[in-house]
Amino acid sequence: MFERFQTLRNAPMREFTTLRLGGPADWLVTPHTAREMALAVEEAREHDLPVTVIGHGSNLLVLDGGIRGLVIRTAGGLRECRVEGTRLVAEAGVMMGAAANLAAENGLTGLEFASGIPGTVGGGVIMNAGAYGGEMCQTVEKVTVLTESGTAETRSAEWLAFGYRRSALQDTGETVLQVVLRLQEGNPEQIRERMNALNRQRAEKQPLDIPSAGSTFKRPEGAFAAALIDQCGLKGYTVGGARVSEKHAGFLVNRGDSAADYLSLIQRVQQIVLERTGIFLEPEIRILGEEREA
């Protein structure tokens with residue numbers, strides 16, 4: 001199966017996630033065009049295989065048992081990006097940093113916040129990614145998606161119904177193919193200065209040298225996840241190879257090889273914070289796959 005594509009069989013998902021965790025995917029395909037994406041989905045359905053779409057794997061915990069069926073990875077494949085006036089048109093697999101850099105090179109402002117986000121534009125739209133006061137919903141004009149019936153259709157920003165770290169695409173089963181971002185003209189030097197300042201701030205405050213999936217939990221209403229975790233004395237709290245970062249309590253980092261340890265740490269942090277503050281921390285990361293059988 002999938003002979004026409006760039007394909008891996010029993011693909012080790014630890015190699016395709018920034019957490020460096022996860023068992024094997026039965027099949028992993030990296031399409032290079034929207035047509036290849038549609039053909040891969042069609043072939044999977046012909047063989048009754050479930051389909052999972054990922055980007056760069058920067059917001060994922062894949063469990064130790066791996067993922068059954070077909071994983072489609074947009075990063076490394078769908079990566080065309082161009083500027084049209086004050087709009088930036090990017091395929092789903094374009095990295096957020098690359099899109100921000102292209103905007104800066106062309107004197108377009110509005111995407112500076114994304115320069116250090118280690119995910120793809122497609123994934124950024126699906127979860128309304130954001131940082132330092134900016135969010136994708138502030139820039140998205142429209143999105144081209146692959147529907148469950150295999151056709152390409154355009155969705156407006158209004159249809160996407162953006163909210164905090166979510167969009168309607170999380171519920172529809174549609175796959176992002178291309179995104180059009182509406183930006184504004186700006187001063188290239190000031191844009192680059194803003195990006196550099198944000199990246200310095202990120203490096204100072206976040207454990208970028210240790211595998212992680214970024215911020216593990218969503219911001220609860222009226223509070224901050226990192227502050228609550230710190231308040232509960234959990235910096236440095238460890239389960240196996242998984243650990244609450246001492247540098248930023250909102251980051252759960254990985255120094256081991258067990259997704260089960262990482263999942264247990266998530267659950268333990270949730271339990272302690274709930275018991276001590278009454279606030280439930282909802283994971284921001286996607287948890288995919290199966291636990292390994294005992």
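Modeller: The structure holds zero disulfides, a disulfide being a pair of cysteine sulfur atoms within 2.5 Å. This is a predicted model, where local features need pLDDT of at least 70, side-chain atom pairs count only at pLDDT 80 or more, and totals for chains, interfaces and linings use all residues. Residues are numbered from 1 along each chain as its sequence is written, and side-chain values use heavy atoms, with hydrogens and water left out.

Colleague: How do you know that C81 is in no disulfide?

Modeller: The nearest cysteine sulfur belongs to C137 and is 19 Å away, whereas a disulfide calls for the cut-off I just gave.

Colleague: Why is C81 called partly exposed, and why is C232 called buried?

Modeller: Buried means under 20% relative accessible area, exposed over 50%, and partly exposed in between (1.4 Å probe, protein chains only). C81 has 24%, so it is partly exposed, while C232 has 7% and is therefore buried.

Colleague: What makes F2 and W27 an edge-to-face pair?

Modeller: Rings of Phe, Tyr and Trp (its six-membered ring) pair if their centres lie within 6.5 Å; planes under 30 degrees apart count as stacked, over 60 as edge-to-face and the rest as tilted. By this rule the count comes to one aromatic pair. The ring centres of F2 and W27 are 5.3 Å apart and the planes stand at 65 degrees, so the pair is edge-to-face. F2 sits in the segment before β1 (7-12) and W27 in strand β2 (residues 24-29), so the pair links parts of the chain 25 residues apart. Helices (H or I, at least four residues) and strands (E, at least two) are DSSP runs, numbered from the N terminus. Both F2 and W27 are buried.

Colleague: What makes R9 lie over the face of W27?

Modeller: A charge sits over a ring if NZ of Lys or CZ of Arg is within 6 Å of the ring centre and within 35 degrees of the ring normal. R9 lies over the face of W27 at 4.4 Å from the ring centre, and R219 lies over that of Y164 at 4.6 Å.

Colleague: Why is D48 called exposed?

Modeller: Its relative accessibility is 71%, so D48 counts as exposed. D48 lies in the loop between α1 (34-46) and β3 (51-54). D48 also has a positive phi of about 55 degrees although it is not a glycine. Most residues other than glycine have a negative phi.
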